[in-house]
Every structure is written in structure tokens, then in C-alpha cells.
Amino acid sequence: MSAANNLLEEIKNKSIADSIPLLRDKTLGLFTKEIVKCGYTSVLEIGTAYGYSALAFSLIDCVNEVVSIERDEIRYGIAKQNLKDIKNINLVLCDAFNYVPNKKYDVILVDGPKSKQDILVTKYLQYLNVNGTMFIDNIFLKKFDDLKTLTKNQASLKRKVDEFKNWLIENKDFHADIIDIDDGVAIIKK
């Protein structure tokens, strides 16, 4: 196993131990297949956490640039330390609602605040290359399915995510596929 793959496994284990969200294996596999199939070279990720998915994307042969945005200073610092030797990843400490990219990307991964994903999708679609793909993780929030009752905040979040899912499906500005894999993903093409 290469040093980069060892590092990927270390970051995954540390994220799990610290209850830091990360892309699940099937979801990452689906995204990787799409990136390879399309020969995408650039990725913009909204939500770095500890750097797991940024590193996973950077290890795909065709990808030569990953830009990952994180607003939490502690997570950003941990990701910066984790990825210090990885040359094709640029970490940005910034709130995704304030960040303005200076170019377009082949892939944009939206993994930000679940209650405001429509705002992020609308904002970042203009930075997606014409034949690019936007991935959105956690479309279903299945973690709430096993709960008999939801708190007021959980019910509100679930309602907002359901509304977002409907907005994606009904939107005429792009085509969105909702896929029931792991916690649900959306794949958007212009």
C-alpha cells in the first residue's frame, strides 16, 4: 500500500473516531467512477473536514487539482497538517457562502450545511465547466429514519432536505439524478 493510501486510511479512521462526517465508501466509489469515466482534471470541494475526500480525489490518476474549502479553523488546521505533503491539493479557509472561485471546475462536491444546499448549488453552478458534474452528498438523512420521534430541529432539517430534493428534481436549469446509495447522493449535470 502506498504512503498516500496509508494516509487516506489514517484520515478515515481519525474522522470516524472523532465523529467527523466523511464520504462513505460506495459514494466515493460512485464519484470516482464518474470522474474517471469523464476524464475530469479539476475538483472544487465545499467542506474539507479532515481532508479525506480531498485526498481521495487527488489520488485519481486524471485529477491534477483539488481545491477544498473549509470554514472551521480547527478542521482546516487538521486537514492542512494531514495534507501538507500533497502537492495537488489547495486548502482554503473560508465560508463557502463568501468564497469566490477564480475559475471553473470539472467537478464540484457540495457537502456543506444541509439546510442551505440550494443556495450553495445555485451559487456554485456558475463555476462548473460546461460538461462538468456537481455531486451532493447526504440527500436522504437516513440517520433520522430509525428515530421514533424527531426533535423540532431534526424535523425542520429533514423537511428542508426533502424540499431541497424536490427542488433538485423539478429544476429546469439542470438535470439532477437522485441515487439511493449510502445516505443518498445527487448528481447534477448542466
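Guide: The following account takes up the sheet, then the helices on it, and then the protein as a whole. The model is a predicted one. Its sheet is open and consists of seven strands in the order S3-S2-S1-S4-S5-S7-S6, with mixed pairing. Strand S3 (89-93) and strand S6 (175-179) form the edges, each pairing on one side only. From one strand to the next, the twist averages 15 degrees.

Within this order, strand S4 (residues 105-110) pairs with strand S5 (residues 128-137) in the parallel sense, and five bridges join the two. Val 107 stands opposite Thr 133 of S5. Helix H2 (residues 25-38) packs on the sheet, where it touches S4, S5, S6 and strand S7 (185-189). The direction of H2 makes about 20 degrees with that of S7. Helix H4 (residues 73-82) lies across strand S2 (65-70) and S3, and runs at about 160 degrees to S3.

As to the setting of the sheet, the protein has six helices and seven strands, which follow the pattern α-α-β-α-β-α-β-β-α-β-α-β-β along the sequence. Among contacts with a separation of 6 or more, 65% are between residues 24 or more positions apart. The radius of gyration is 16 Å, which agrees with the value near 16 Å that a compact globule of 190 residues would have. The C-alpha trace spans about 45 × 40 × 30 Å along its principal axes. Of the 190 residues, 48% count as buried, and the protein exposes about 9900 Å², of which carbon and sulfur atoms supply 50%.

Methods: Residues are numbered from 1 along each chain as its sequence is written. This is a predicted model: local features need pLDDT of at least 70, side-chain atom pairs count only at pLDDT 80 or more; totals for chains, interfaces and linings use all residues. Side-chain values use heavy atoms; hydrogens and water are left out. Two strands pair if DSSP finds at least two bridges between them. Helices (H or I, at least four residues) and strands (E, at least two) are DSSP runs, numbered from the N terminus. Axes are lines fitted to C-alpha atoms, for helices over the stretch in contact, and angles run from 0 to 180 degrees between N-to-C directions. Contact means heavy atoms within 4.5 Å. The radius of gyration is taken over C-alpha atoms; the globule rule is 2.2 Å times the number of residues to the power 0.38. Buried means under 20% relative accessible area, exposed over 50%, partly exposed in between (1.4 Å probe, protein chains only). Accessible areas come from the Shrake-Rupley method with a 1.4 Å probe; for residues, only the protein chains shown count as cover.
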